[in-house]
Every structure is written in structure tokens, then in C-alpha cells.
Amino acid sequence: NHNMQVCSTWGNFHFSTFDGQFFQLPYTCNYILTTLCDSTKTDFNIQMRRQYINNLPTIRSFTIKIDGVVVNECCTLVIGYGAIHFCIVCKLYESSVCCITPAQVEIPTKYRNQTCGLCGDFNGVKDNEFIENGDFDFFHPSQNYLCEQLLSDPAFSNCHRLLSIEAFVEACVRDVCQCNSSQALCLCDTISEFSRQCAHAGGKPQNWRTNYLCGKECPFNLEHKECGSPCKDTCSNQEGSLVCNEHCSDGCFCPAGTVFNDIEENGCIPVNKCPCIHNGRIYQPGESYNRTCQKCVCSEGRWSCVNLDCPGTCSIQGGSHITTYDGKAYNFHGNCYYVLSKVTIPTFVKLCNIITNFIISETSVSISKYLMVYGHM
Ligand SMILES: [Ca+2]
């Protein structure tokens, strides 16, 4: 029966196998239509791929190898390109001659029960074509291999006990199938997602990206990490990651030994290069400002203040306007002896113990002496 030897694919993702089973496989992946299951034999290997053009599935490519040699020129005639209909046929005879008529692959009966691919196993049994074949691999082995290899990368070694890569390999293969640009770009999302889910499950994925594969650019001198603390250390919050309970995530992080300069927003620097901020002004390390009896120096992003040996001043002006050591100003009227200041702590160095005499007349207030009284803060 001549029909028993023909495998076809047509129209809307339809296939019929050598054994006559019909099925649909609505994907635009690259598929092996048929090849010998024994990978050491290179008699033939026919691959095809569909694509959508104006929402119509059409054939994008056929790749045909006979005896290990690509013979596309023999079998790539496409008629009605852009429409549902196409016409390609490879007739593989023992002499490895192929010719072009409708979209069929015809192989000699000597290959019975030896074929793998969408055209089935050619064992003469129509039903359960692919179930009989065990875990038949629908996909192009090279795509599977690339995805499997990436997901099995040592960078994910502590993910494999947490997450099975199987579903990700499948998703990755689909990515590659549907990819219209370079393969590497298309599978990055799925590999990244594997990395994220691994981190979420408590794993610590290492960096699997390279400049050539899914590389990520970061601003300033930040670097991309697969597993960094989402609480970032900065000049103004240098221990942010220490008190962080969040699981790690991928993103741009400062290199080890540096923190992000969130004051000047200009990248990562060693802590000892961190500037400080005071009253809206930025100070570089080593710069200082003075405040009441203190000198503060910027050091490692923090103010380091020392007390100064400075006098506290209490003053009386105009006889009745008094300003205390701590700067409170008030008016006081009275015609008596008053203690302006005295030492109350016995161990305190006795600097002054002065009683002054306010002389208050009817029309004015004056003081017998103008006194400045000093004490240590
Ligand atoms: Ca079969």
C-alpha cells in the first residue's frame, strides 16, 4: 500500500503520520518530521517549521539532510508562499534522490519501525502513534539541549533540589520556537524566571548570565546579581541588608565592599568615601562644621562630633535684660542683691561666685559692674 509510506503536513498545522494517524500541532517550533531514531545513522533528517503570515499558518522553512548533508535545494520549493497552501515533497529512495511535488515525505519500507519525529514510528500501527514511542520528543533536539544545558548550569546547582527544571525546559523550548530574533534573547525570560523562583523557594542562584547570553546592564558601577539582598546598603543606611528578612532577588547591586552613595546618587563607593549631609549641604569625608560647643567631622558617611572646651556666657545688658548661659533672654527688675551665678556641684571647678549689686533709681536701671561669668558647659 503506497499510502502507508507517506507522511504529510498541510494547512492549519495538520499532520498525518506514515501509519496514517492524523493530528494537529499548533506551534511554530522547529520540528523533526522524520529521522532515524538511531542517532548514529544519518540516512535522513527532515525538519520543518511553520510561521504565521497575516494570521495564516504557512511554512517557514524545511531543513532536509540526506546522508548527513543538507540538500535544501532539492526540497525547498514553496508555491503560494504566504497562503495556507504549500507544496513540498521529499521522496527519499534508497538512492537518496528527492524530488518535489505535494507536501509529503515518502520513505522506503526498509525503515519500518525505525523512525522518530512527527511522522511517527512507521511500525504499521496507526493508533497511539506517539504513546507507543515512549517519551517521544516533539521538539528539535538542539533547542531542547540548549535549554536543558542552561537550566542545568552549575550556577543553579542549589536550585535543582528545590525546583524541577522540566517545565522550564519546555517553556524555554517554546520560547525558542516562537522566537523571531536571536535564540539567546528569546530564552532569557524563562531562565530568569527559573532563577527568581529558585530564589523565592530559598535557593541562592549564582550568576548564569554572560556578556553573550542574557547579559544585563546596570547604571553607574552597579553590577547585576542573581541573588542580592533587596534591602540595599547606602551611605545613609549602611546596615540595610543586615536587618533584612526578604529573600534575595535579581537586580543591580553594589560590588562587595561598597555601598550606594544615595546622597549624591552617583553609584557605589567604599564606606569611607561616603559624604555627609547637614542642613541640606553636602560635606565630603573629613569636612566639618561647628555647632554650639561641638565640632562635627564627616567620617564614613556619619557625623563624628567632639565637645569643645568653649565658654558658656551669661550676660546682662542695659541693667535688666538678662540672657542665660543657654541663650534664654528675659527682663528682670528688682532693687536688691541677686545671685547671677554660682557653683552648686561641690566637685565643680569654682570659677565664680559673684553677687552683684543692682542699683535701681527712679528713672533708670543700672548695674554697678558689667559682668561676664564663665563656666564650663
Ligand atoms: Ca505507529
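**Strands, cores and confidence**

Reader: What is the bridge partner of T35 in strand 5?
Author: N45 is the bridge partner of T35 in strand 5. Strands here are DSSP E runs of at least two residues, numbered from the N terminus. Residues are numbered from 1 along each chain as its sequence is written. This is a predicted model: local features need pLDDT of at least 70, side-chain atom pairs count only at pLDDT 80 or more, and totals for chains, interfaces and linings use all residues.

Reader: How many bridges link strand 4 and strand 5, and in which sense?
Author: Five bridges, antiparallel. Two strands pair if DSSP finds at least two bridges between them.

Reader: What is the strand order in the open sheet of five strands?
Author: The order is 7-6-5-4-10, with antiparallel pairing.

Reader: Which are the edge strands?
Author: Strand 7 (69-70) and strand 10 (115-116). Each pairs on one side only.

Reader: Switching to packing. Which residues have the most contacts inside the largest nonpolar core?
Author: L33, I46, M48, V105, L118 and C119, in a core of 18 residues. A nonpolar core is a set of buried Ala, Val, Leu, Ile, Met, Phe, Trp, Tyr and Cys residues joined through C-beta atoms within 7 Å. Buried means 20 or more other C-beta atoms within 10 Å of a residue's own; exposed means 12 or fewer; partly exposed is in between; C-beta atoms are placed from the backbone.

Reader: Which strand gives the most to this core?
Author: Strand 6, with four residues.

Reader: And what does M48 touch?
Author: T9, Y31, L33, I59, S61 and F62, leaving out residues up to four places away in sequence. Contact means C-beta atoms, placed from the backbone, within 7 Å.

Reader: Now the backbone. What is phi of N279 near?
Author: Near 50°, a positive value in a residue other than glycine. N279 sits in the loop between strand 15 (276-278) and strand 16 (281-283).

Reader: Why does N279 count as exposed?
Author: Because N279 has 6 C-beta neighbours inside 10 Å.

Reader: Last topic, confidence. What pLDDT does the chain average?
Author: The average is 76, and 76% of the residues score at least 70. pLDDT is the predictor's confidence in each residue, from 0 to 100.

Reader: Where does pLDDT stay under 50?
Author: Over residues 347-377, for one, where the model has 53 contacts beyond four places in sequence. Residues 132-137 also stay under 50, with six such contacts. Where pLDDT is low, the predicted coordinates should not be read in detail.

Conventions
Two residues are in contact if their C-beta atoms, placed from the backbone, lie within 7 Å.
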